[in-house]
Amino acid sequence: QVQLVESGGGLVQPGGSLRLSCGASGGTFSAYVMGWFRQVPGKEREFVAAITWTGGRADYADSAKGRFTISRENSMRPVYLQMTSLKPEDTAVYYCAAGYAWDRYTYWGQGTQVTVSS
């Protein structure tokens, strides 16, 4: 069974950077898109960024544009979310997801906490 595993979360000061990574385990796996979402308690999960399986196309939420970069070297490598100029409002649990169509995600990771605080 496919499992997505995130890592790289933690505590960072405002203005700092973090890089999240997401890998798949459980055997051979391929999909159309991989994305990052985030959620804070009491709020709906929100889209952050997405990239096609081979890394050819990327998309970002307005809140992430210019600060976050989603990347992937190839289909065998993890998906990364490089986050810079972090703000307290970026504090959330960040989830990795994979799906077979743009905007349709089938697999989800367990999440990694990102806390931006001084």
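Strands here are DSSP runs of E, at least two residues long, numbered from the N terminus. With that settled, let's start. This is a predicted model, so read it with its cut-offs: local features need pLDDT of at least 70, side-chain atom pairs count only at pLDDT 80 or more, and totals for chains, interfaces and linings use all residues. Residues are numbered from 1 along each chain as its sequence is written, and side-chain values use heavy atoms, with hydrogens and water left out.

First, the disulfide. A disulfide is a covalent bond between the sulfur atoms of two cysteines. The cut-off used here is a pair of cysteine sulfur atoms within 2.5 Å. The structure holds 1. C22 and C96 form it, with their sulfur atoms 1.9 Å apart. The link of C22 and C96 is left-handed, at -75 degrees about the S-S bond. It joins distant parts of the chain: C22 sits in strand β3 and C96 in strand β9, 74 residues apart.

Are these cysteines buried or exposed? Buried means under 20% relative accessible area, exposed over 50%, and partly exposed in between, using a 1.4 Å probe and protein chains only. C22 counts as buried because its relative accessibility is 1%. C96 is buried too, at 1%.

Next, the cores. A nonpolar core is a set of buried Ala, Val, Leu, Ile, Met, Phe, Trp, Tyr and Cys residues joined through side-chain atoms within 4.5 Å. The largest one has 28 residues, and W36, L81, M83 and Y94 touch the most other members. Elements giving two or more residues to this core include β4 (33-39), β5 (46-52) and β8 (79-83). Strand β9 gives the largest share, 4 residues.

Contact means heavy atoms within 4.5 Å.

A97 deserves a stop. It lies in strand β9. A97 is buried, because its relative accessible area is 0%. Its C-alpha atom is 5.6 Å from that of M34, 63 residues away along the chain. Beyond four places in sequence, the contacts of A97 include L4, F37, Y105 and W108.

Now the pocket. On a 1 Å grid over the protein atoms alone, a pocket is an open set of points where a 1.4 Å probe fits, with protein on both sides within 12 Å along at least five of seven lines; lining residues have an atom within 4 Å of a point. The largest pocket is lined by 14 residues, and A24, F29, R72, S75 and M76 lie nearest its centre. Strand β3 gives the most to that lining, with 3 residues.

S63 is in the loop between β6 (58-60) and β7. S63 counts as partly exposed because its relative accessibility is 35%. S85 is in the loop between β8 and β9. Phi of S85 is positive, near 45 degrees, and S85 is not a glycine. D103 is in the loop between β9 and β10 (107-108). D103 also has a positive phi, about 75 degrees, without being a glycine. Where does D103 stand, buried or exposed? D103 is exposed, because its relative accessible area is 59%.
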